[in-house]
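Me: Can you walk me through this one? Keep it quick.

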Amino acid sequence: MKKIDKQIKDFLYRNMYNHSKVIVNTNKGKKIVNDLIDVLINEIKTGQLNLKNLGSFKIKNKSERIGRNPKTKEEFVISARKTVKFTSSQKLLKSLNYE
């Protein structure tokens, strides 16, 4: 998971620098991205986050269940956990499908 987080942050840093009309140095860009991610995570933890014209994030509780290794057929318990569900807005879907 840490590797994916680093890849996402690196992608955001590069694109912010490349597409910014204002010159942002790398350290300031990293701080902005880290602060934005922290704010988004804290808002999602409250239960729901709606971003106009983008979509909404909701916390979904998953109950404990039985999983199975498809190769060995060995069963194991998958613990109860919380996950994040994203639902895209109609405007985002239209812009992706028609442009």
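Reply: Helices (H or I, at least four residues) and strands (E, at least two) are DSSP runs, numbered from the N terminus. From the N terminus on, the order of elements in the chain is α-α-β-β-β-β-β-α. That gives three helices and five strands.

Me: What ground rules apply to the model and the numbering?
Reply: This is a predicted model, where local features need pLDDT of at least 70, side-chain atom pairs count only at pLDDT 80 or more, and totals for chains, interfaces and linings use all residues. Residues are numbered from 1 along each chain as its sequence is written, and side-chain values use heavy atoms, with hydrogens and water left out.

Me: Which strands form the open sheet, and in what order?
Reply: Three strands, in the order S1-S2-S5, with antiparallel pairing. Two strands pair if DSSP finds at least two bridges between them.

Me: Why is one side of S1 and of S5 left without a neighbour in the sheet?
Reply: Both stand at the edges and each has a single partner strand, so one side of each has no neighbour there.

Me: How are neighbouring strands turned against each other?
Reply: By 25° on average, direction ignored. The axes are lines fitted to C-alpha atoms, for helices over the stretch in contact, and angles run from 0 to 180 degrees between N-to-C directions.

Me: How many bridges join S2 and S5?
Reply: Eight, in the antiparallel sense. Lys 58 has Lys 85 in S5 as its bridge partner.

Me: And S1 with S2?
Reply: Strand S1 (residues 48-51) and strand S2 (residues 55-62) are antiparallel too, over four bridges. Leu 51 is bridged to Gly 55 in S2.

Me: Which residue in that hairpin takes a positive phi?
Reply: Asn 53, near 65°; the hairpin has three residues between the strands.

Me: Switching to Ser 89. Where does Ser 89 lie?
Reply: In the loop between strand S5 (81-88) and helix H3 (90-98).

Me: Is Ser 89 buried or exposed?
Reply: Buried, because its relative accessibility is 17%. Buried means under 20% relative accessible area, exposed over 50%, partly exposed in between (1.4 Å probe, protein chains only).

Me: What does Ser 89 touch?
Reply: Asn 53, Leu 54 and Gly 55, leaving aside residues up to four places away in sequence. Contact means heavy atoms within 4.5 Å. Asn 53 is the hairpin residue with positive phi.

Me: Whole chain now. How many of the residues count as buried?
Reply: 12% of the 99 residues.
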